[in-house]
Amino acid sequence: MAPAVLIYDDACPVCRAGMRWVAGCALPGRFEFVPCQSPERRRRFPSISEAACLQALQLVLPDGRLLAGDRAIPEILRRLRRWRWLAHLFALPGVALLAPRLYGWVARNRYALSCALARR
């Protein structure tokens with residue numbers, strides 16, 4: 001399987017920690033990580049605005065399809081060791097309604113969550 005490109009907010013501690021976790025759990029060669037704020041993202045993916053990638057993580061699949069936010073999570077899970085089975089949970093009734101709301105809340109509050117977690 002060719003690598004998918006995972007574009008994330010490098011200024012966010014929660015996002016950076018999430019990318020480290022994904023990298024540590026990923027099957028070899030399944031991901032390439034590109035910070036949203038990087039010149040590389042602007043050069044390689046000019047159609048993905050900085051506003052879009054600061055609002056939600058962006059996953060560019062090898063075939064060029066783009067998945068953002070909660071829609072990217074099942075595909076990310078499919079590329080991880082020991083966590084692939086969780087991707088099937090996204091097909092359960094009600095998850096399609098809950099996942100965007102939960103992802104949106106975390107995304108909007110990620111900097112506050114970073115501060116709260118740092119205090120622990």
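Helices (H or I, at least four residues) and strands (E, at least two) are DSSP runs, numbered from the N terminus. The model is a predicted one, in which local features need pLDDT of at least 70 and side-chain atom pairs count only at pLDDT 80 or more, whereas totals for chains, interfaces and linings use all residues. Residues are numbered from 1 along each chain as its sequence is written, and side-chain values use heavy atoms, with hydrogens and water left out.

In soluble globular proteins, nonpolar side chains tend to be buried together. Here a nonpolar core is a set of buried Ala, Val, Leu, Ile, Met, Phe, Trp, Tyr and Cys residues joined through side-chain atoms within 4.5 Å, and buried means under 20% relative accessible area, with exposed over 50% and partly exposed in between (1.4 Å probe, protein chains only). The largest nonpolar core has 18 residues, and those that touch the most other members are Leu-6, Val-22, Phe-31, Leu-59, Ala-72, Ile-76 and Leu-80. Two or more residues of this core come from each of β1 (4-8), α1 (13-25) and α4 (73-78). Apart from it lies another core, made of eight residues that include Ile-7, Cys-36, Phe-45 and Ile-48.

When neighbours within four places in sequence are left aside, Leu-6 is in contact with Met-19, Val-22, Phe-31, Glu-32, Phe-33, Val-34, Leu-57, Gln-58, Leu-59 and Ile-76.

The cysteines come next. The structure holds one disulfide, formed by Cys-36 and Cys-53 with their sulfur atoms 1.8 Å apart. This pair links distant parts of the chain, 17 residues apart, since Cys-36 is in the loop between β2 (31-35) and α2 (39-44) and Cys-53 is in helix α3 (residues 50-55). Both Cys-36 and Cys-53 are buried, and the torsion about their S-S bond is about 60°, so the disulfide is right-handed.

Leaving aside neighbours within four places in sequence, Cys-25 is in contact with Leu-80, Arg-81 and Trp-83. Cys-25 and Leu-77 are 52 residues apart in sequence, yet their C-alpha atoms are 9.3 Å apart in space.

A backbone detail deserves a moment. Most residues other than glycine have a negative phi, and most peptide bonds are trans. Arg-82, in the loop between α4 and α5, has a positive phi, near 60°, and this residue counts as exposed because its relative accessibility is 66%.

The charged pairs follow. A salt bridge is a side-chain nitrogen of Lys or Arg within 4 Å of a carboxyl oxygen of Asp or Glu, and a search of the whole structure finds eight of them. Arg-44 forms one with Glu-40, the closest N and O atoms being 2.7 Å apart, and both residues lie in helix α2, four residues apart, about one turn of the helix. Arg-44 counts as partly exposed at 31% relative accessibility, as does Glu-40 at 30%, and a network of salt bridges links Glu-32, Glu-40 and Arg-44. The side chains of Arg-78 and Glu-75 meet in another salt bridge (3.1 Å, N to O), and because they are three residues apart in helix α4, about one helical turn separates them. Arg-78 is partly exposed, with a relative accessible area of 41%, whereas Glu-75 is buried, at 15%. In a further salt bridge, between Arg-41 and Glu-50, the closest N and O atoms are 3.5 Å apart; Arg-41 counts as buried, at 3% relative accessibility, and Glu-50 is partly exposed, at 33%.

Key. Contact = heavy atoms within 4.5 Å. Disulfide = S-S within 2.5 Å.
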